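Subject: Structure handover

Hi,

Here is the structure I promised to pass on. Please open it and keep it beside you as you read my notes.

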Amino acid sequence: MNESSLLSAAPRSSPHQNEARHPLGELKHGRPVLWTSERRGSGEQDSRISPADVDAAAARLRRFAPLMALLFPELAPSAGVIESDLLPVPQLQQALALPPDFGALLVKADHALPVAGSIKARGGIHEVLEHAESLALRHGLLAPEGDYRALASDTARALFARHQVAVGSTGNLGLAIGVMASALGFRAVVHMSADAKEWKKERLRRRGVEVLEHAGDYAEAVAAGRRAAEADPACHFVDDERSRSLLLGYAAAAPQLARQLDALGRKVDAAHPLFVYLPCGVGGAPAGIALGLSQIYGPHAHCFFAEPTRSPCFLLQMLAGTPAFAGLGANPSVYDIGLDNHTEADGLAVPRASELAAAAVQSLLSGVYTVEDETLFQLLHQIAATENIRIEPSAAAGLGGPAMLRGTSSGQAYLHRHRLQARMPQATHIAWTTGGLFVPDEEYARFHARGAALAPFSSTPRKTRI
Ligand SMILES: *Cc1c(COP(=O)(O)O)cnc(C)c1O
């Protein structure tokens with residue numbers, strides 16, 4: 001691979017210089033890097049997910065809105081629609097030392113999504129609703145144009161009670177699936193990985209969801225869930241590594257975001273580039289959104305995924321097969337390069353990327369960068385101090401994006417390659433804050449204190465820890 005496309009944010013004086021100059025060395029040592037894709041715009045877009053498929057997912061969520069309002073009182077103000085705000089964050093932008101001539105920073109506030117408290121409300125809830133819809137249609141409980149509130153009837157609940165919905169999760173997906181499935185009357189089973197937070201398990205158990213704990217990581221929890229589900233024909237397993245329905249639920253966020261940008265008077269075109277920074281675990285959520293945005297904005301939406309330095313599975317997936325990473329295999333894990341997948345960003349603690357998600361964004365992704373846990377806590381604290389926004393560590397990963405683009409040579413090379421430098425004053429940067437609403441106060445106070453004890457993160461190039 002071209003060396004210029006993967007460079008660390010660390011200065012050249014690193015004592016590990018020789019090894020550090022090899023991209024694998026950078027990743028192995030857990031240093032923050034920005035990799036930019038040279039495959040962007042090459043090849044065909046993945047034809048398995050068309051704009052019509054995304055529209056269909058958005059239409060499904062609209063059909064269900066009256067039922068959702070009935071099941072979840074907190075959705076009354078939005079008439080059953082689960083959506084988040086797009087927020088200007090001028091104080092945060094200033095605190096991050098991002099100059100206005102690099103564009104305007106906005107936050108897509110999925111940290112406050114009702115019902116699930118994270119971005120998983122999009123994909124996870126869509127998949128449960130799609131499953132419920134197909135069961136109900138098959139059993140004649142619903143006319144295609146009928147009133148979906150019929151699915152709250154005793155007859156419908158009796159049907160759902162004979163079926164099970166299961167999922168493997170590090171926490172947030174389990175919360176979304178478990179809460180939605182149990183609200184409809186399904187038996188719900190969540191296979192949790194060892195790194196899942198205790199409060200997430202507790203919250204599910206209180207809702208009558210069966211929580212099965214596994215000693216291993218996220219990939220093992222998924223595998224265990226998949227095996228258990230295969231043995232039971234009345235079980236629908238939400239497969240985070242392979243599900244098209246999840247991806248479509250996430251993609252449906254794109255048309256809504258486009259309406260919000262319009263409403264703020266922010267254009268997106270060749271003269272007004274859009275940069276979107278998406279925290280990435282297995283890759284389904286960011287890939288769905290990137291796909292949806294590319295269907296609307298084409299090459300003018302530049303999507304970057306953000307991963308913890310110790311769990312960069314999607315980056316590894318993108319690098320697999322390039323000369324510098326020969327021998328990694330087609331679907332590598334972060335353990336293969338000696339990383340431990342330990343991070344406080346539990347929503348992103350994933351060792352192996354979804355191949356479905358990777359294929360979906362292969363030719364449209366702009367890049368992937370990595371963030372140290374310490375940086376996540378700095379950013380979590382800064383967004384609270386400046387904008388009074390409360391997020392979880394995973395959700396902070398997107399906030400580091402503009403600095404990586406601006407402050408690294410690979411970022412500058414990307415801007416140069418796409419002739420974007422002169423356009424930056426008109427650019428829009430959106431950091432997607434992906435979770436946080438239900439983090440218990442004590443837990444949040446710990447995160448906040450950890451960030452407060454650190455020097456503020458700033459977008460000027462800095463020396464990173466070795
Ligand atoms: C799940 C999750 C993500 C990433 O979604 P993937 O589909 O796993 O890539 C990001 N942030 C939070 C808070 C999450 O829970």
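Helix H12, residues 284-297, gives the most to the shell around the ligand: three residues. Keep in mind that this is a predicted model.

The whole shell has 16 residues. Lys-120, Asn-172, Gly-281, Gly-283 and Thr-434 are the closest to the ligand. Sorted by class, the shell holds eight polar, six nonpolar and two charged residues.

Now the contacts. Which residue brings a polar side-chain atom to 2.7 Å from an oxygen atom of the ligand? That is Asn-172. The backbone takes part too. Gly-283 has a polar backbone atom 2.7 Å from a ligand oxygen. For Val-282, a polar backbone atom lies 3.0 Å from an oxygen atom of the ligand. These pairs count as polar contacts because the cut-off is 3.5 Å between N or O atoms.

How much of the ligand does the protein bury? Taken alone, the ligand exposes 370 Å², and the protein buries 98% of that area. As for its location, the ligand sits in the largest cavity.

Next, the aromatic rings. The model has seven aromatic pairs. One of them joins Tyr-277 and Phe-304. Their ring centres are 5.9 Å apart, with 20° between the planes. The pair counts as stacked because planes under 30 degrees apart fall in that class. Tyr-277 belongs to strand S9 (residues 274-279), and Phe-304 to strand S10 (residues 301-308). The two residues are 27 residues apart, so to speak a link between distant parts of the chain.

Best wishes

Technical notes:
Residues numbered from 1 in each chain as written. Predicted model: local features only at pLDDT ≥ 70, side-chain atom pairs only at ≥ 80, totals over all residues. Heavy atoms only, no water. Near = heavy atom within 4 Å. Polar contact = N/O pair within 3.5 Å; in protein donor to acceptor, adjacent residues only side chain to side chain. Areas by Shrake-Rupley, 256 points an atom, 1.4 Å probe, with all protein chains shown as cover. 1 Å grid on protein atoms, 1.4 Å probe; cavity = no way out; pocket = protein on both sides within 12 Å on 5 of 7 lines; lining within 4 Å. Sits in = over half its atoms within 2 Å of the grid points. Helix = DSSP H or I, 4+ residues; strand = E, 2+ residues; numbered from the N terminus. Nonpolar A, V, L, I, M, F, W, Y, C, P; charged D, E, K, R; others polar. Phe/Tyr/Trp six-rings, centres within 6.5 Å; stacked < 30°, edge-to-face > 60°.
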